[in-house]
Amino acid sequence: MTWRVGIDIGGTFTDVVAIEEETGRRVYEKVPSTPWDPSESFTNGLRGLKDLGVSPDGVVLVMHGTTVATNAILESKYSEAGLVVARGHREVLETARQTVPGGFGNIAVWEKPPRVVPLELVREVTGRLAHNGDELVPLDADSVRAVAQQFKDMGIEAVAVSLLNSYRNPAHEQAVRDIFAEVHPGCFITLSSDLSREYREYERTLSTCLNTALMPALSRYVSQLGNAISDTGSMSQLFVMQSNGGLVHDSDIAIQPIKAVLSGPAAGVLAACTFGEAAGEPDLITLDMGGTSTDICLIEGGKPHMLAEGRIEHYNIKTPMVDITTLGAGGGSIASIVGGESLRVGPQSAGASPGPAAYGKGGTQATVTDAHVVLGRIPEASFGDGSIKVDRESARKAITENLADKLGMSAEEAALGVLRLASENMARGISLVSVARGRDPRNFTLFPFGGAGGLHAVRCAEIMQSNKVLVPVAPGLACAEGLLMTDLRADVVYTYVKREDEIDLADVQAAYRKVAAEALSAANREGFDPADTGVETFMDFRYSSQAYEIRIQLNSHFDDAELEMSESDWAAAIEEFHAAHQRTYGYSYKGQDPVELVALAAAGIGQLSRPPVTEAASKFATWEEANLGNSDVYFEAKAGHEGGFISTPVYARAGLPVGVTTAGPAIVVQEDSTFVLEPGWLMSVDKTGQIHATRG
């Protein structure tokens, strides 16, 4: 028997899923996370599999989703780094884009965020490339040696190199790296031309600096994970999830950690794609709600939307990533009173320790989880691995003292207010990935996962007027399971700015073949059978009067020996851009403003076999047989249904009847999450074990 193992480290729990490759049998495990050293919970999860019948010598692949890079950026806990730039461009990070986030007037109160590399650690070297990559001024090797010696004497162990126009010609940057290797060996170096072959100097330089500052910590981290795998007796390779939804070897992420900033959330989106396809629901909006935050993504036609660059906190990062919107709302989000009379939920979180008051670990602040407990929506006796018991008295005390008494209302009314506000916040996030992108959320099925996703899914669907919710078999472990349902992926992007009326199609075709061949070569280097490697190609377009692009997919080459773009492919891409602009923004400039090609992109794919999705085994023939007993649960009044406490059946997730419908209200409990079915809704279980909830 051979196994694949996916390990996703969250703020409260580390989720582990092992799949037997031959049969598709799944083994699930949750262990407490260790924020002080994430590799510790990784090791504990891997070792715990042995007690569940997973032999270490049978583990052939270990896939990992990590938030180490994300947290380091959010908390500014990365290594001190230096920056080498072309002479005259020392202030590139200081100048930035001169944009102020937020609404009109924010410039009066907004404080410029700190630079990743402070100005005193930026050094200039002599040498200049033209916009087309031609050398205007040769690189002065002596100036580079002097800079390398300065950084060595200062004890700077990481240096970013971002020279002007090096995306066109990497020769000067490569020469800088060679000189540093002589003068300052052992220094971590990132070349902007290795990280991104795209224009926009600020974004490219910023991404290079962030990547460099993350390299020391991520290198040590993946080394610790590799040692943990070896210590268990396994000879498995370690792969890490990238923000683009593809896997990469741990050695590659150690030198380009910026590609893993959305590692964990991207894995959950991939799981949604797989389970949605199995359930016949290719159009989904995911709701990944954990203890601290909620990640939301729109999936259309079985594929998530992709971005050429993304944003983490106040940093624009130039790397391909799944289009995910993150909100500061989770099960541990703290509810508080602002201004003596207004209720606020988040973004502060109670975290894993002490956590919500309901955990009984000393927490005293009111959280979203405590509100659910007060309203009876979490009837289970434990969370996760059983180490955390529900303390109802502490939860009620936290809601009463922190909220209800101050607002002059009952604990139930205050708790209901917390859930209303949390659900409204998430509904706004859903609107950002759907309505703001020209999509009607009523045409999509809500896919909740994470430990708390199922608690809010139906309420969010009602707010968005959506009629369908699809709940996977193991919602709380979906991100870990998603790690096992993707492929290796290597992205290549080249800047190529030309208006359509200036295009030489033969030149575009040559550039297209070049970028596609480079991506395919990257996939082939991973040792896959040529039949299992391929390339997907894209083009970034905009109207000539715009400063933002839309990425359009052209082809997927998995059978063709030649990577070609025909005239009809080019024409079809232009037409698809007009249609995509119309869908997204409600208008297009077709026939009014020329289309401008901005970049050529390709993704080299190394296809991994997909473990089968097993069919559910029904333990019960009817819902009555599956009923664990009724519990009093507080529901909000709405049309056709009175509010207040209602005697509600509680069902255990394992063994639910397949193909039989029941009506809400109802609660479905399992070790990793809880699903609440509101009054007025129906639910049934399909042959894969997923719950389909529909508005009755």
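In this predicted model, four strands form an open sheet in the order 31-32-34-35, with mixed pairing. Strands here are DSSP runs (E, at least two residues), and helices are runs of H or I with at least four residues, each numbered from the N terminus; two strands pair if DSSP finds at least two bridges between them. The edges of the sheet are strand 31 (627-635) and strand 35 (673-677), each of which pairs on one side only. From one strand to the next, the twist averages 30°.

Strands of a sheet pair through backbone hydrogen bonds, and they may do so in parallel or antiparallel fashion. The table lists joined strands with their bridges.

| Strands joined | Bridges | Direction |
|---|---|---|
| strand 31 and strand 32 (residues 644-652) | eight bridges | antiparallel |
| strand 32 and strand 34 (residues 666-670) | three bridges | parallel |
| strand 2 (residues 13-20) and strand 3 | seven bridges | antiparallel |

Individual partners can be found in the model: Gly629 has its bridge partner Val650 in strand 32, and Tyr634 has Phe645 as its partner in strand 32. For Tyr651, the bridge partner in strand 34 is Val668.

Strand 2 and strand 3 form a hairpin with five residues between them, and in the turn Gly24 has a positive phi of about 85°. Strand 3 (residues 26-32) is mostly covered, since five of its seven residues are buried, where buried means under 20% relative accessible area, with a 1.4 Å probe and protein chains only.

Turning to the helices, helix 4 (residues 141-154) and helix 5 (residues 171-183) pack at an angle of about 50°, with their axes 9 Å apart. The axes are lines fitted to C-alpha atoms over the stretch in contact, and angles run from 0 to 180 degrees between N-to-C directions. The two helices are therefore oblique to each other, a word kept for angles that are not under 35 degrees (roughly parallel), over 145 (roughly antiparallel) or 65 to 115 (roughly perpendicular). The contact (heavy atoms within 4.5 Å) includes Val144, Val147 and Phe151 of helix 4 and Val176, Ile179 and Phe180 of helix 5.

Residues are numbered from 1 along each chain as its sequence is written. Local features need pLDDT of at least 70, side-chain atom pairs count only at pLDDT 80 or more, totals for chains, interfaces and linings use all residues, and side-chain values use heavy atoms, with hydrogens and water left out.

Methods:
Buried < 20%, exposed > 50% of the residue type's maximum accessible area, 1.4 Å probe, protein only.
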